[in-house]
Amino acid sequence: MKKMSLRTRVLTGTVAAAALSAGTFGAVSANAATPAAPAAAKADTAGKNVTQTSHLTIDAATEAAQATLDAAEKENQRVSVAVVDRNGNTILTLRGDGAGPQSYEAAEKKAFTAVSWNAPTSELAKRLDKAPTLKDIPGTLFLAGGAPVADKGAPIAGIGVAGAPSGDLDEKFAQAGVAALAK
């Protein structure tokens, strides 16, 4: 084996030390780059900044929708029913057998309108005489057939029905869905 010169040994040792340092530094840097877990925030035990709301479960929404369809079927009506949450997001929509293609979207809009104003859409339609621009609000439909669902006076959902020959029938079926939730 050939003997290395002092210069070669020093250079080799320096390169090895640098490589070892770089590996160690990289590991330390990688650990330093990982953000520390944020300190736990203290809960606002007084509840000043918190509000709680009620929401329908999917089971309750399904029960209400089925009760609505059952009421319509008893009167030989082909309708669609939509149930929306407090924020107007659709929980579910059922298109009954033979319901028209327009009924699906109309049911969702009626449900959205009912929960937005916490009032039956037949009542809201009457307000158009004094405030005709209400109908211009996106996503709304001011025709009878929507009923709000409330808990402790606050709206938590809306049920909309469309497809019967009159809005009065649509709303009657929507009210059957609301009544099913009260049982």
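Predicted model: local features only at pLDDT ≥ 70, side-chain atom pairs only at ≥ 80, totals over all residues.
A residue is called buried when its relative accessible area is under 20%, exposed when over 50%, and partly exposed in between, using a 1.4 Å probe and protein chains only. By that rule Glu-75, at 32% relative accessibility, counts as partly exposed. Residues are numbered from 1 along each chain as its sequence is written, and side-chain values use heavy atoms, with hydrogens and water left out.

**View 1. The whole protein chain has 5 helices and 4 strands.** Helices (H or I, at least four residues) and strands (E, at least two) are DSSP runs, numbered from the N terminus. Starting at that end, the order of elements is α-α-β-β-α-α-β-β-α. The chain has 183 residues, and 33% of them are buried. Its accessible surface is about 11600 Å², with 57% belonging to carbon and sulfur atoms; such areas come from the Shrake-Rupley method with a 1.4 Å probe, and for residues, only the protein chains shown count as cover. Contact means heavy atoms within 4.5 Å. Among contacts with a separation of 6 or more, 63% are between residues 24 or more positions apart.

**View 2. Helix H5 covers residues 167-182.** How far apart are the end C-alpha atoms of H5? They are 23 Å apart, which agrees with the 22 Å that its 16 residues should span at 1.5 Å a residue. The expected span is 1.5 Å times one less than the number of residues in the helix. Now look for the buried residues of H5: Asp-170, Glu-171, Phe-173, Ala-174, Gly-177, Val-178 and Ala-180. Seen down the helix axis, the buried residues of H5 fall within an arc of 165 degrees, so they line one face of the helix. The arc is that of the directions from the helix axis to the C-beta atoms. Asp-168 and Ala-182, on the other side of H5, are exposed. The cover over the buried residues of H5 includes helices H2 (58-74), H3 (103-117) and H4 (121-126), together with strands E3 (146-151) and E4 (154-162).

**View 3. Strand E4 pairs with E1 and with E3.** Two strands pair if DSSP finds at least two bridges between them. Strand E1 (residues 80-85) runs antiparallel to E4, and 6 bridges join them. E3 and E4 are also antiparallel and are joined by 6 bridges. Find Ile-159 in E4: Val-83 is its bridge partner, and Ala-147 stands opposite Ile-159 too. Is E4 mostly covered or mostly uncovered? Mostly covered, with 8 of its 9 residues buried. The hairpin of E3 and E4 has 2 residues between the strands, and in this hairpin Lys-152 takes a positive phi near 55 degrees.

**View 4. A salt bridge joins Lys-172 and Glu-75.** A salt bridge is a side-chain nitrogen of Lys or Arg within 4 Å of a carboxyl oxygen of Asp or Glu. The structure holds 4 of them. In the one shown here, the closest N and O atoms of Lys-172 and Glu-75 are 2.5 Å apart. This pair links distant parts of the chain, 97 residues apart: Lys-172 is in helix H5, while Glu-75 is in the loop between H2 and E1. Lys-172 is partly exposed, with a relative accessible area of 46%. Leaving aside neighbours within four places in sequence, Glu-75 is in contact with Leu-169, Lys-172 and Phe-173. The C-alpha atoms of Glu-75 and Ala-164 are separated by 9.8 Å, although these residues are 89 residues apart along the chain.

View 5. Glu-123 counts as partly exposed at 38% relative accessibility, whereas Lys-126 is exposed at 55%. Why does such spacing put residues on one side? An α-helix has 3.6 residues a turn, so residues three or four places apart point the same way.
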